[in-house]
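This report goes through selected parts of one protein structure, sheet by sheet and residue by residue. Keep the sequence and the 3D view open while reading.

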Amino acid sequence: MECVYKCDFMCYNTNTEQDIYEREIIMNFRNYIRRFAAAVCAAVCAVSAISAVSSSAAEAKYEAENAVLSGMSVSSGSSYSGGKYVTMQQSGSCTFTIEVEKSGMYDFNFVSSGVGSDKTNNAALDGESIGTFTSVKDKLGDAKIYSVYVEKGSHKVKVTPSWGWINLDCLIVTEYSSDKDYYNVSKELINPDASENAQRLMSFLADNYGVNVISGQQCDGGINGNEFKAIKNQTGKTPALLGMDLMRYTPTRVSKGDTCKTVENAIEFWNNGGIVTLCWHWNAPDKYLKSGTDENGNPRWWGGFYTSNLNMDFSAIMDGKDKEGYDLLMADIDAIAVQLKKLQQADVPVLFRPLHEASGGWFWWGSDGSEPYKKLWKLMYDKLTNEYGLDNLIWVWNGQSKEWYPGDEYVDIIGEDIYPGSRVYNPQSSKFVEAANYTDISKIVTLSENGCLFDVDKALSAGTVWSWFCVWAGDFCSYETSISESYTEKSMWTKVYNHENVITLDEMPDIKTYPYPAENAKGSISGTISIKDTEGVSSAQVTVTVTKEGAAAPVYRETVNKGNYKVPDLAAGKYTVTFSADKCVSRSYSVTVGADGAVLNGELYLLGDVNGDGNITTADAGLANSHVRNIRKISDSYKFKCADINGNGTITTSDVGRINAHVRNTKKLW
């Protein structure tokens, strides 16, 4: 039984508070219906996935020695099923014929062992790749490809070498099942201070996850680049998501004259209603580059992110044994932070995908195993989030192996990069399931890079709904402004981009007004207000003024007695809170309000009380005088305001004289 759930996508353009409220109700209802239907579809598919070959009706075994062999030999061994196995070296193939009674999802277990080391090899169903499986060194055991969609009938499963060198015992085909609800994901971001636009984008992704696929394309030329023009020319549509690279901002490339307009193109695409995702091919510092050219005759720095072009001990850098190397890497992150800051200032949320494809080892950040890699990931997150305050980033982890996963608190979205070959249109369900199980909780899983498009109808039938796809640039997509068919036929480009479950740029809602959970949450600001005044001249009355970040008018102003206070019913967001009192210097604080509220304790000083001890004495005049004479500057901004008696933004001898006059009772400050 074929289960396909299809739905339309609503596009909203109105921005009034009532429109947004109504839109949220409608979207929530529609998503409930969609997810209910998708769950029914998945359940029906799972029930229908029953093997016709096994007496248990849930598992079927096919011996390798009984398969069609080419260039492989059969050997005997008591530990193997049936007493025999097939030896695969660096060539040849082993083709099984399997039978299934009903269409559905199946796990393929290629029971085998690696010869000499762990080995990874290829499998195809009816000539189309279904992924790879890994056989453990010298240990006969499971080597699985999960969740393959198989239609009713007879099929050929062909095993061919990638690395080769395995002993293959048998193929076990089992009905796929999982208790995990992959599409029930949180809209919360790992950064509690994430910007509003980042939260809105995450909510949009979560609402569509499991329902629609967002179209994406790598194109460093931006919305006017060749790849985008080629897609528009072929399909009449424009991708909703633009992928670009931060590579040319890396200091080693900048020093050699490399330039780009990635930031400008990102801002332009965002302003046109699109989504931006950025990776970073991080060129290592010059000191680690090998001399000469690579095997293709290119200067080593051009591919300075490849392990093969470097002499670099990544573990030594992350373990503190190479301090210079550590400092150089930190300087590189600083340089990228400057560019990301420009995007933050333009209110552009970014699906940020650094340190990608780590477990492959071909990039230097994956050259020494998972531990130094995870250290760098966590360090980068802390540096960009906490040191630079980059709250516009949604963190897309793309390590491609569970062993390399840095932890749920460091990952918003899980990405997989898949290049299955030319014109391979299956949805890569096995990799989707594998990626979803890198963590015990459910997170959005996306096809962060792909070499060819997948058939969306097959993906929906298989229950494999990647959040977005992002076809790589060049001939994976186009020759100049015409579609290339090297990897995906023109007919598939047209089908995918005009599919009702594929979101293109013209179908995007306005993310800037898209509802997100915290938007409707109400919190409060509470705490205590104290006044440092041993002279007893200030009243007990304090005015509390609260202004939301980016707004001109305050949302709250009230005069209260010093001591405990509370500002109720504030929408989630960032605020400036200002306390003012008679004869005191007003003081402002920044605070972020969430559903749980925020605690803020304020303290006010008298005008002229530079050291904050509650008295105005010659000591305060001395501090102001030291600042004027450049002996010791007043670095604390609030104490500076307490010394700036005339309020002109500077501290002069006039301010010092006013404080001394107050102390001598010749002229009071108030």
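This is a predicted model: local features need pLDDT of at least 70, side-chain atom pairs count only at pLDDT 80 or more; totals for chains, interfaces and linings use all residues.

The loop between β28 and β29 holds K583. This residue, K583, has a positive phi of about 65° although it is not a glycine. K583 has a relative accessible area of 27%, which means that it counts as partly exposed.

## The five-stranded sheet

A further open sheet has five strands, paired antiparallel in the order β2-β5-β10-β7-β8. Its edge strands are β2 (68–70) and β8, each of which pairs on one side only. Here the twist averages 25° from one strand to the next.

At one end of the order, β2 and strand β5 (residues 93–100) run antiparallel, joined by three bridges. V68 has T95 as its bridge partner in β5. At the other end, seven bridges connect strand β7 (residues 119–125) with strand β8 (residues 128–135), and these two also run antiparallel. The bridge partner of L125 in β8 is E128. Two residues lie between β7 and β8, which form a hairpin, and D126 in the turn has a positive phi of about 50°.

## A positive phi inside a strand

S147 is another residue that is not a glycine but has a positive phi, of about 55°. Its place is in strand β9 (residues 144–150). Is S147 buried or exposed? With a relative accessible area of 3%, S147 is buried.

## Helix α5 and its buried face

Helix α5 spans residues 262–271, and its buried residues are T262, V263, N265, A266, F269 and W270. Seen down the axis of α5, these residues fall within an arc of 165°, so they line one face of the helix.

What do the buried residues of α5 pack against? Their partners are α2 (196–208), α3 (226–235), β14 (241–245), β15 and α7 (323–345). Just after α5 comes G273, which takes a positive phi of about 95°.

## L278 in strand β15

Strand β15 covers residues 275–279 and includes L278. The relative accessibility of L278 is 0%, so the residue counts as buried. Leaving aside residues up to four places away in sequence, L278 touches M244, L246, T262, L340, L343, V350, L351, F352 and R353. One of these, T262, is also among the buried residues of α5.

The C-alpha atoms of L278 and A540 are separated by 53 Å, and the two residues are 262 residues apart along the chain.

## R353 and its polar contacts

R353, one of the residues touched by L278, is found in strand β16 (residues 350–353). R353 has a relative accessible area of 3% and is therefore buried.

Which side chains make polar contacts with the side chain of R353? One is the side chain of N398, at 2.7 Å. Another is the side chain of E449, at 3.0 Å. Not counting residues up to four places away in sequence, R353 touches L278, C279, W280, V396, N398, D417, S448, E449 and W472.

## Cysteines without a disulfide

The count of disulfides in the model comes to zero. C279, one of the residues that R353 touches, is in no disulfide, and the nearest cysteine sulfur is that of C470, 8.3 Å away.

How values were computed: Residues are numbered from 1 along each chain as its sequence is written. Side-chain values use heavy atoms; hydrogens and water are left out. Helices (H or I, at least four residues) and strands (E, at least two) are DSSP runs, numbered from the N terminus. Buried means under 20% relative accessible area, exposed over 50%, partly exposed in between (1.4 Å probe, protein chains only). A polar contact is a pair of N or O atoms within 3.5 Å; within protein, one must be able to donate a hydrogen and the other to accept it, and residues adjacent in sequence count only if both atoms are side-chain atoms. Contact means heavy atoms within 4.5 Å. Two strands pair if DSSP finds at least two bridges between them. Axes are lines fitted to C-alpha atoms, for helices over the stretch in contact, and angles run from 0 to 180 degrees between N-to-C directions. A disulfide is a pair of cysteine sulfur atoms within 2.5 Å. The arc is that of the directions from the helix axis to the C-beta atoms.
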